[in-house]
Amino acid sequence: MEAVEKEIRNDADASIMPIEIGPAHPAMHGIVRFTTYIDGEEIIDMIPEIGYLHRGFEKESENSRWIQITPYTDRLNYVSPILCNIGYSMAVEKLFGIEAPRRAEYTRVIMGEISRITDHLTCVGAAAMEVGAFTFFLWFIKAREYLWELVEQVTGARLTTNWTRFGGNANDIPDGFLQELHTRLEQTKDILKECDALLTRNKIFIDRVKDVGVISKEDAMSFAFTGPMLRACGIPYDIRRSDSYSVYDDLDFEIPVGTVGDCFDRYLVRMEEMWQSISIIEQASDKMPAGPVILDDRRVSFPDKKEVYGNIEGLIDHFKMVMDGHQPPLGEVYMPTEGGNGEVGFYLVSDGSGTPVKCRVRPPCFNYVAAMPYICKGEYIADIVPIFGSVNMIGGELDR
Amino acid sequence: MELKVKTVKRVDGFQEALYLPAIFNGLKLTVQHFFRNLLGAKDVVTIQYPEEQRPVSPRWRGRHRLTRREDGFLKCVACYMCETICPAQCIHIDAGDHPDFSIEKYPVVFDIDELRCVFCGLCVEACPKQAIRMDTGVIAMAYSSRKRFDYTRDLLKDTYTPNQRTKYTNIPLPKTEDEALPNSRGIPSS
Amino acid sequence: MDVLIGILLIPTVQAVLKIFVIIFALVMPLATVLTLMERKWSAMIQDRVGPNRANIPFLNNFRGRGALHIAADGLKSFFKEDFIPEGADRFLFTIAPYFGFAAAMATFAIIPFAGPIGDFTFQITDVKPGLLYIFAITSLGVYGTVLAGAGSNSKFALLGGTRASAQMLSYEVFIGLSLLGVFMVYESTQISVIVNGQNTYWFGNLIPKWGVLTQPIAFFLFFTAMIAETKRAPFDAPEGESEIVAGYFLEYSGMRFAAFMLAEYIALVGVSVLVVTLFFGGYHIPWLHLWESAPQWLVSLLQFMKFTIFTFFFCWLQLQIRWTVPKFRFDQTMALGWKKLLPVALGNVVVTAFIILIAN
Amino acid sequence: MSTEQSIGQLTQLLQQQFPKAIEGFHDHRGDETILVDRKEILAICQFLKDDERCKMEMMIDLTAVDYINETPRFEVVYHFKSLSLDHRLRLKARVPEDDCHIDSIHALWMAVDWYERECYDMYGITFTHHPNLKRLLMYDEFEGYPLRKDYPVDKQQPRLELREVHERYDYERS
């Protein structure tokens, strides 16, 4: 690299050209800048610069109550907000040492997997769009719309869901939701099949993604890749199985893995994961137990509205809950959950007061962007597009 | 459940190397869509926004409203619960005494800065008097001046009108205010 | 009156009139309509409705299903600031768009649009070299992209310009090679000879000797190569809107940008016209000669309609392909050309030569 | 910190290997946690990565916590995950405010590079021997360390002059 540096500094005719990809560039999904050094079309080196979307999630969290952070987690990964909601709530539940009721966990699984599908739909669609398959993208967005309307039916918002609470969920699924879910899933399946036929076997597409952006197993582990990126390298690491949180133990699904670890594998793994998620949702909706969706525990949940309106104890509890906030016991936990594109882990430190001492989210795409120079070196400048598409960078999560 | 692994199939054989079969397959699909939509727009999912509005879920968290008693006076007792729990700190309340003794306190000022609001719905959950609600079904507020987003008490004061814009006919709409309650126990309201 | 007819009979005047009619009554409207059609048709493929918002406020917000967008786009690009970036070569930057425009237009000079009525031909000129003229002219189009890329003082534009020039120069070769078979079959490069050659039949009056039947491989090669030559998807790496933003015309705005856009659509029409002329019998309607009592004007009209419909169909097909397939990477475009199309084209020439040799 | 007196396997192992370096441990909610001496952090991480019984292939997360009322003030927190042996470990090291540095472990895992930069950016903890310890999320001219507890949440930073464009093209990389 020093040779390159010298060449640039001293030689006006050096064939190495720096070029700024981003921050505002059609291929940059969020706002991120890659100062790329190219020799002709080949990438010699790349310096990523992030932080354009830094909103101080951790600082804000340390100055908020525990419950007030939940809306903030929606904005971390804005293509699969519910998965971050679930991750945060489960971390706080771990801190309290409680578990949500079964029905709440099953609805969380359903909503979480819907979110995972929307995440993959956005990611794969956007990556395909950038290699020119615009129709594919818009058909995927159509499918995502079907699913987001489901999310809206349950949570009351499409993106800013704020749906989970500590020890359960804000509200139960509405009547008739499961039938609606079934029809929407059928529509989504049709679109998935159609899009699969449109693109997966197209040689032009295969050429663009095959053997592009290869990363080996060892390097992927060293970069702490998780989720589809690691699975594409051939390692069946899925937190839903390895740490088996929630009720995933009752549900049967396969973990798709790739063999080479290139963009094609990542694409295929994500496509297969959507099918697996659909199967998980179908199983979970079949097994859905009856019961409450939030714990009746005065430490963690608001009392029932009927009690609040009806008797003085309920009102007092409610008042204390709002005014003092949740007060988890002293301690620290790290709760990993499987997010849309990898391990979303919340590291929480509580000193027993109403605000967290530390609320750290471990963003999955942070490592991917850190590895971008490593993956991109030696590829062509046009390959940034499929590589960065398959990396699935989410600005909110990366910069927090 | 045991860990099941499935290796994805990388299809890249002779048939793909010919380019044309896949392109013809793709063309078949796109042409199919093209003619279906040319002759009657059968698959079109676009919503022509200002004229045609997207039906929203009955749970949609839209603009706030302050509910009223039967005699028309505000239900709010200025207890500051919503102001306390609001993550965006967009609610401002000033309490005042009311000459009528049946009403202990009432909000002299109740401002919501809708630009700061993150529409999380925590205020609705925190309210012990079901005085604040977000069921107006107002999706987007767009004004040309920032001042108009400062909703004051009298702008928020509202009586309940059932949200008509829903197409989910399988989910019954709440007919009364009691039915439209946020239900933290998770028992469906209908 | 006699003087007027006398003037009209002068070949130069006729040619100028034809140029005006063909450009302003046929090519330009078709290209302009295509700019809208591309958006509308792609919307239909993608389950959208496409542009439909431009309206006339005085006429009860008349929208015309989006047809007004043509006028709106034209007006907009006309009134936009004509921006020249700092450090750009003003001269090159200014003339670059018109090279592509002129090259795209020149294709139509030798295309017959309908059969002749008496001495009057529906063709501006029937030059002897015929297609060689087209090769020469389309090569000129590369100057537009190169000058635009070099003159813009932008790295993205420069990359786009170099990509475009390499791609266009390479694909010239395959265009020539793919048509070699056609020349051999019809024994001429002159357009009128090729077109009339396609009006002959095998087995009595059974199957017309259309180019697509005599030279099917050449048709695929030529169509592919022409799409690449005009930088349409899937060969639009020079524009590469996802990695190098817009390529060579990144810095253009206003009417100059519109010139690039329009040149692209005119080239698209040009490709369709050439394909119809060379491979689909030109203006000839098969088996029409069996209707011997047909008046000449009706025959010409029908021929013109057939030609237009076929042209329109190929324009549509190109757009449909664009919205179906992803894009090639730049080096893959070149590899496809040199490693796959070139051997096939050469093989096609050899096989054609053999068959002609045996048949004679 | 509440300590539960069950000693995990890894804790035992580390106690054998580095008897002096272990300052504390706990097993709160099943997360095995070891507090170590910051001087030994590189050796311990090397051991965790290479030893057959640990095999920590992944450094999942690195962050710091600011305990403003305690001394030493900061605590650097490492999370490790072993894929082959399927266990997790949390390692913590205390760093005092006045001598705010700890050894960098960037040579062991590639992911560490950015995590340490982020931690430096947010807390001002210097990772010695890190090859490129620059701010990551914040811009270079940012004053102070935003995640320290004594940095006010509503503090405003001065506006910057626009940097010259050619400055960016300087090829600064080791």
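## A left-handed helix crossing in chain C

In this predicted model, helix 4 and helix 10 of chain C cross in a left-handed way. Two packed helices are described by the angle between their axes and the distance between the axes. Here the angle is about 20 degrees, and the axes of helix 4 (residues 90-106) and helix 10 of chain C lie 8 Å apart. Angles under 35 degrees count as roughly parallel, so helix 4 of chain C is roughly parallel to helix 10 of chain C.

Which residues of the two helices meet? Helix 4 of chain C brings residues including C:Phe93, C:Pro97, C:Tyr98, C:Phe101 and C:Met105. Among their partners in helix 10 of chain C are C:Arg256, C:Phe260, C:Leu262 and C:Ile266.

## Helix 10 of chain C

Helix 10 of chain C covers residues 254-279. At 1.5 Å a residue, its 26 residues should span 38 Å. The C-alpha atoms at its ends are 37 Å apart, which agrees.

Is helix 10 of chain C enclosed or open? Of its 26 residues, 23 are buried, so the rest of the structure largely encloses this helix. C:Gly281 follows helix 10 of chain C and has a positive phi, near 75 degrees.

## Chain D

Chain D has four helices and seven strands. Along the sequence they follow the pattern α-β-β-α-β-β-β-β-α-β-α.

Chain D has 174 residues, and 52% of them count as buried. Take the contacts in chain D between residues at least 6 apart in sequence: 51% join residues at least 24 apart. The accessible surface of chain D is about 8,500 Å². Carbon and sulfur atoms account for 46% of that surface.

Notes:
Residues numbered from 1 in each chain as written. Chains lettered and ligands numbered in written order. Predicted model: local features only at pLDDT ≥ 70, side-chain atom pairs only at ≥ 80, totals over all residues. Heavy atoms only, no water. Buried < 20%, exposed > 50% of the residue type's maximum accessible area, 1.4 Å probe, protein only. Contact = heavy atoms within 4.5 Å. Areas by Shrake-Rupley, 256 points an atom, 1.4 Å probe, with all protein chains shown as cover. Expected span 1.5 Å × (residues − 1). Axes fitted to C-alpha atoms, helices over the stretch in contact; angles between N-to-C directions. Parallel < 35°, antiparallel > 145°, perpendicular 65-115°, else oblique. Left-handed = near helix turned anticlockwise from the far one by under 90°.
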